[in-house]
Amino acid sequence: MLKEKVALVLLASGKSTRYGKNKLLDEYKGIPMIEIALQKAVESKVERVILVTAYPAVEEIARKKCPSVEIVHNNSSEKGISQSLKLGITAAKDTTGCVFMVCDQPELSVKTLHKMIGALQKGENFIYVCSDGKRRGNPAAFPKQYYPELLNITGDRGGQQVIKNHPDKVREIPVESETELLDIDYIEDKKQLEREV
């Protein structure tokens with residue numbers, strides 16, 4: 001049986017308002033957060049990695065560190081995360097599924113990405129979300145049949161609305177540690193995570 005063609009879309013256009021500066025360029029354990037995300041995406045061995053970003057500095061890191069990554073520039077990041085989703089889906093329109101990954105979860109494991117990609121490759125038309133058994137989080141993965149619905153999202157809303165619309169189609173991918181789901185919104189979040197992990 002042929003595996004489905006899957007893309008991993010990195011969403012890297014956020015304004016980092018609560019962080020106070022572009023957190024993706026800030027270092028976590030000595031490495032810029034965007035570089036950590038890029039490396040894990042590439043290590044996942046997914047067919048395509050697509051970076052959607054509004055920031056030339058992020059694009060430059062991608063070109064230097066991960067030249068195989070496709071870059072899509074987001075000229076309308078003020079429209080919110082929905083715009084990044086749309087650009088990612090448009091770039092990946094020939095795929096049969098997309099994993100959408102944010103870039104501020106530095107403890108997310110490549111193993112978890114492998115599990116998500118593998119689940120999508122089965123072609124079973126389920127939506128996949130990560131879970132530590134108590135709560136759900138990113139990344140999230142959608143088969144192609146949900147692309148039209150995702151393209152209709154507006155504003156600063158991600159795929160959560162589509163997930164809510166299809167509760168019977170959602171399957172959880174277990175993470176090995178709850179730290180994998182922790183995203184960094186504030187500088188103190190980063191410092192605390194660095195201390196604890």
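First, the ground rules. The model is predicted, with local features needing pLDDT of at least 70 and side-chain atom pairs counting only at pLDDT 80 or more, while totals for chains, interfaces and linings use all residues. Residues are numbered from 1 along each chain as its sequence is written, and side-chain values use heavy atoms, leaving out hydrogens and water.

Start with the sheet. It is open, has seven strands and mixed pairing, and runs in the order S5-S4-S1-S6-S8-S7-S9. Strands here are DSSP E runs of at least two residues, helices are H or I runs of at least four, and both are numbered from the N terminus. Pairing takes at least two DSSP bridges between two strands. At the edges sit S5 (70-73) and S9 (170-174), each pairing on one side only. From one strand to the next, the twist averages 25°. Angles run from 0 to 180 degrees between N-to-C directions, and axes are lines fitted to C-alpha atoms, for helices over the stretch in contact.

Look at S1 (residues 6-12) and S6 (residues 97-102). They pair in the parallel sense, over six bridges. Leucine 11 has valine 102 in S6 as its bridge partner. Helix H3 (residues 81-91) packs on the sheet and touches S1, S4 (48-53), S5 and S6. Contact means heavy atoms within 4.5 Å. The direction of H3 makes about 145° with that of S4.

Now, which residue of S4 do I want you to find? Isoleucine 50. Its relative accessibility is 0%, so isoleucine 50 counts as buried; the cut-off is under 20% relative accessible area, with a 1.4 Å probe and protein chains only.

On to the helices. H1 (residues 33-43) and H2 (residues 56-65) have axes that come within 10 Å and cross at roughly 45°. H1 and H2 are therefore oblique to each other; oblique is what remains after under 35 degrees (roughly parallel), over 145 (roughly antiparallel) and 65 to 115 (roughly perpendicular). Ile34, Glu35 and Leu38 in H1 meet Val58, Ile61, Ala62 and Lys65 in H2.

H1 also meets H4 (residues 110-121). Their axes come within 9 Å, crossing at roughly 50°. That pair is therefore oblique as well. Here Lys40, Ala41 and Glu43 in H1 meet Val110, Leu113 and His114 in H4.

Terms used
Buried means under 20% relative accessible area, exposed over 50%, partly exposed in between (1.4 Å probe, protein chains only).
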